[in-house]
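Have a look at it first, and then read on.

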Amino acid sequence: MSLHNSPAATAAADLPPGPGAGLPPGPELTQGSAVPLSIEEGGEDEEEEGEEGKKEKEQEKLSPIPSVSSAAAGGLERGAKNQFSTFSNFITTINQKKEGIGNRNSPSQLVIPDIKNVRDLPPICLDVRQKQRISIDTLPQELKAPIPSEPSLPIRTKTVKDFQDDVEKAKSSGDWKAVHDFYSTTFDSFLEINAAFKKDISSPFNTIEDSGINAKFVNVVYDALLNTPQDVQKSVLKGIINGLLQEWKGPRTKDDLRAYCILLQNPQFSNTSTYVIYAHLLRQIAALTEADHHFLVHWSKKISQRRFKQLVDRLLQFISLRLFPAKPEEFPPMVKCTWWIPSATKVLALFNAANSLITPPIISYTEFYNSTLDHIDLMEEYHNWRCYGNSHRFSFCQYPFIISIAAKKVIIQRDSEQQMISIARQSLVDKVSRRQKPDMNMLFLNVKVRRTHLVSDSLDELARKRADLKKKLKVTFVGEAGLDMGGLTKEWFLLLIRQIFHPDYGMFTYHKDSHCHWFSSFKCDNYSEFRLVGALMGLAVYNSITLDIRFPLCCYKKLLSPPIVPCNHNTLVGICDVTLDDLFQIMPELAHGLSELLSYEGNVEEDFYSTFQVFQEEFGVIKSYNLKPNGDKIPVTNQNRKEYVKLYVDFLLNKTIYKQFSAFYYGFHSVCASYALLLLRPEEVEILVCGSPELDMSALQRSTQYEGYQKTDLTIRYFWDVVLGFSLDLQKKLLHFATGSDRVPVGGMADLNFKISKSETSTSWLPVAHTCFNQLCLPPYKNKKELKQKLIIGISNAEGFGLE
């Protein structure tokens, strides 16, 4: 499994200094919240140094965070080391306050002083365009630094039950001293964190398989934390600051990584008042070496689903509130802490990598979407990424998992529009330069077809006008009057898909068990029609048309292999790593048989009597193929059956259809060639092509337009009462009946532009639909029962366009 981006990062900046105590006290901490912080972080401004800079040189400074080797960092330079002071006088202030506290239940007031001289965090990933996704399972030798010796840990004997007993006693007696002492001691340093939460302090736990963290104890301690008195909560934050200010000498130990992993789970960081401390924690984690990230990723995948999602949500909230703070005065100015968002996004990338390691994943990939980013200038992000992708400039496009499918669709649409405008402008310039009269038709991809020769005419038109594929599409049916305002284009797509995917056409095989199409493995002399289907899919995405196509997810994985067409035409395309899970999506019965072979406990060679040779029927003739050289002489045994299954799946999904799929691949990319494809997952390409399967009929009701009816008319009220009461299957049939597809565009139901028109026909007639315009013609039925009966008959017996 690979990371989406290289975790190469440096921490060229030190933690900023604190100018000392003596500031007025901040607001009192209320129960259930964390330390209120009043911090203004400064940038690198030489004009502000002066006398202040001279004083800072006399103060203590934190050792710089170790940098990744220049090779691993992708050429990123390490910044200069800043001088700064510690929080020593801040902590002295805390201690002075605590001396006057007689009752530990009384909340103390805590203020963190102003922070100056914050240096921007360098970029933290390689350019996504290079697709150099560093594997977290294999690391370069230079990253495998020798494991430093772990310092001896203090012995702590408190158990989960002991801690729970202390909390219960404190709640009943009001004396929180034992609990306070535990928290203040445990979080005072990274060593103490390990002493408390390491399962066995005598064991190193230096493997990715086991973090050595007593997760149950960590969860119990954190669950109780927000219900403790406020001075207890402050003592935890004070200890975390101490840990972050530790003098680092040499590479991090595994105990340090364990401490980072534990600190990240602190629920106090959900409160905006702790964000400055949280930001510095994230910064240090983001700046760890790739080898350290390797461990954190594998350890993170062991976190429970609920707590894993809490961690992800906390990071997303941190990014959102930094971008659009509800109370801007709570945070330092954005220009003075530009490293906050890059640090948080990099740490989020580690959780995304951990999530991708598990099948099924811990949480859905959509849980990493940050819808706040839908409201920023996405095209500026996209252009920054394209122009400065491998430089020191951060862009969210370096981490596409955080960008929602709706936002990616906007990027792709605007990128498509810019390409359309550019191509049309060039055509106009060429025409004028030749002193020819400009023609408006030259600005469009004009496709003229006969209904009786739909496939052949479409193939000829697209082949002949290959240079115009990136222009706006307009379709004309020969011999028919009418302007294409979108309806003719949609009809052209629907009719073409209907013909091409018909079983008699022979290009695709429909698998009833999986309800999807797959490429026919039959050999032919000309694969241009597969290129046409690929171009159709590309034109649909390019022109924002939703198609009623049922390909398995594996098809979209292959379409992105690679996402950018290679310059070398000898490079294989459409070849990806396929698994038994991919075969299950297409041929579940065969996949089940292979799965049984893998789990068979008897003697495979004697009982199955199979070899590394498979057979396929082609036009009534049985042909044999060797999965490896001399495969017909190599028996399948208990020892090599995994290899047999892997080769068989690769043979079915890659090798036997290579020519068909490569033509399909080049057809799709002839229209959709764009760096924006690098931002997409296979699942997202499927949604762009086919729409989303998630239906929301209430949203459709809100966005529906009416012609001849008012939304308050009795027939319309009957209609929505019936539809909202339908089963999901009937709702899908209705959507398919009215629009030609049972899926929803990326923008939701509102993007369907669904219309209900009044039909002046007899109420004995069934409803009629114009799928090209997403229009339903509904007679004015007299009662709800009649409407429901006629509607169910109509939608259940209509001919569809996409499947059989």
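**Aromatic pairs, helices and a sheet**

Phenylalanine 401 counts as buried, at 5% relative accessibility (buried means under 20% relative accessible area, exposed over 50%, partly exposed in between, with a 1.4 Å probe and protein chains only). Before going further, note that this is a predicted model, where local features need pLDDT of at least 70, side-chain atom pairs count only at pLDDT 80 or more, and totals for chains, interfaces and linings use all residues. Residues are numbered from 1 along each chain as its sequence is written, and side-chain values use heavy atoms, with hydrogens and water left out.

Now for the rings. Searching the whole structure turns up 46 aromatic pairs (rings of Phe, Tyr and Trp, the last by its six-membered ring, pair if their centres lie within 6.5 Å; planes under 30 degrees apart are stacked, over 60 edge-to-face, the rest tilted). In one of them, phenylalanine 163 and tyrosine 183 have ring centres 5.8 Å apart and planes at 80°, so they sit edge-to-face. Phenylalanine 163 belongs to helix H3 and tyrosine 183 to helix H4, 20 residues apart (helices are DSSP runs of H or I with at least four residues, strands are E runs of at least two, and both are numbered from the N terminus). Both phenylalanine 163 and tyrosine 183 are buried.

And phenylalanine 401? Its ring centre is 6.0 Å from that of phenylalanine 368, with the planes at 90°, so this pair is edge-to-face too. Phenylalanine 368 is buried, with a relative accessible area of 0%.

Next, find helix H24, residues 682-690. Nine of its nine residues are buried, so the helix is largely enclosed by the rest of the structure. Its cover includes helices H14, H17 and H18. Just after H24, glycine 691 has a positive phi of about 90°.

Finally, look for the open sheet, where four strands line up as E7-E8-E10-E9 with mixed pairing (two strands pair if DSSP finds at least two bridges between them). E7 and E9 stand at the edges with a single partner strand each, so one side of each has no neighbour in the sheet. The twist averages 25° from one strand to the next. E7 and E8 run parallel, joined by three bridges, and glutamate 707 has serine 757 in E8 as its bridge partner.

Notes: Contact = heavy atoms within 4.5 Å. Axes fitted to C-alpha atoms, helices over the stretch in contact; angles between N-to-C directions.
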